[in-house]
Amino acid sequence: MSRAKFIDVQINGYYGVDFNQDDISEEDLQAACLGLERDNVESVLITIITDDVARMTARIARITRLRETDPLLRRMIAGFHVEGPFISTEPGYVGAHPVTAACQATWDKTAPLLEAGEGLVRVFTLAPEQDADQSVTRRLVDEDVIVSAGHTNATLDQLDAALDAGLSMFTHLGNGCPRLMDRHDNIIQRALSRSDRLHFGFIADGAHVPFFALKNYLEIVGLERAFVVSDAIAAAGCGPGVYALGDQEVTVGEDGVPRAEDDSHLVGSATTMQQMAKNLRFHLGLTASQVESLTRVNPLQFLGLYMPPAPLRAKMPLQNGGHQATTT
């Protein structure tokens, strides 16, 4: 496992560096990328989360400029994952994003984000109910941007309309939603009911989704349509302490889990892709090749960068013998 390489398509920070700070320096980006490289991450999509659109735009533009002239940054940063601001404002669904900045989707607000990235915005997470006529979804797809549903309480009709408009992914299934929901008619079940039309991201730290639940989700979705992300914040690779995520301060406890002060929700992850790969092997009993599919091959394939040499089997079975755990 030590030689495995990872692709992380959702990462908010690393090794003490917050990617959502306004004036990130070249030195900070280099330090984070060196930390990622040390931990066997091959490349990432830097995630810019919900905020005032002008601030989100400036953050993307700054990282784009720094990347242009630095070989390490060009090699490690494959692009951006824009998560928001077109997400649900409902408690629970908005998660750790600032609810005051969440809003309905318009192209006037979307275009500057794409322009700032100069073709590097690869994934855009939004709530389908915030794009009621699917016009932004369609235009994003026309711009070759992968549209992913997340932080959403979309009805099945809204989800279907977004799928028909080109939605093709679901961001960190099992998260970005309240702890307590209707036992049957909830966003997780709605998304799983459309598993033949979506690719699904999962955070495999054992805190965001218990390992037994993750095993169930992967069996429903099939490993060929799933991928693992870290959703890491600056705490990843560092240990307990207080870390920044945009304008927020996040405390990471001795258990290594970043939580909101009132413990109402998690705030990103502090777990590395290396540890998540180990979790998949030990807690779910996956083979090395299955772990590689979830942590490298599938993300590359979904982004159109790589096609595996042999077709992946539909609904690849999980191996027996995985051990269940409740903590990371």
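The model is a predicted one, and its chain is made up of 10 helices and 13 strands.

**The chain as a whole**

- Taken along the principal axes, the box filled by the C-alpha atoms is roughly 50 × 45 × 45 Å.
- Buried residues make up 58% of the 328 in the chain, while the accessible surface comes to about 13600 Å², with 48% of that area belonging to carbon and sulfur atoms.
- When contacts between residues at least 6 apart in sequence are considered, 72% of them join residues at least 24 apart.

**Helix 1**

- Helix 1 runs over residues 26-38, and its 13 residues reach 18 Å from the first C-alpha to the last, close to the 18 Å expected at 1.5 Å a residue.
- The buried residues in helix 1 include Leu 29, Ala 32, Cys 33, Gly 35 and Leu 36; because these cover an arc of only 155° around the axis, they lie on the same side of helix 1.
- An α-helix has 3.6 residues a turn, so residues three or four places apart point the same way.
- After helix 1 comes Asn 40, which has a positive phi, near 70°.

**Asp 231**

- Asp 231 sits in the loop that lies between strand 10 (226-229) and strand 11 (241-245), and its relative accessibility is 7%, so Asp 231 counts as buried, the cut-off being under 20%.
- Beyond its neighbours within four places in sequence, Asp 231 is in contact with Asp 8, Gln 10, Asn 12, His 172, Ile 203, His 208, Gly 268 and Ser 269.

How values were computed. Residues numbered from 1 in each chain as written. Predicted model: local features only at pLDDT ≥ 70, side-chain atom pairs only at ≥ 80, totals over all residues. Heavy atoms only, no water. Helix = DSSP H or I, 4+ residues; strand = E, 2+ residues; numbered from the N terminus. Buried < 20%, exposed > 50% of the residue type's maximum accessible area, 1.4 Å probe, protein only. Contact = heavy atoms within 4.5 Å. Expected span 1.5 Å × (residues − 1). Arc of directions from axis to C-beta. Areas by Shrake-Rupley, 256 points an atom, 1.4 Å probe, with all protein chains shown as cover.
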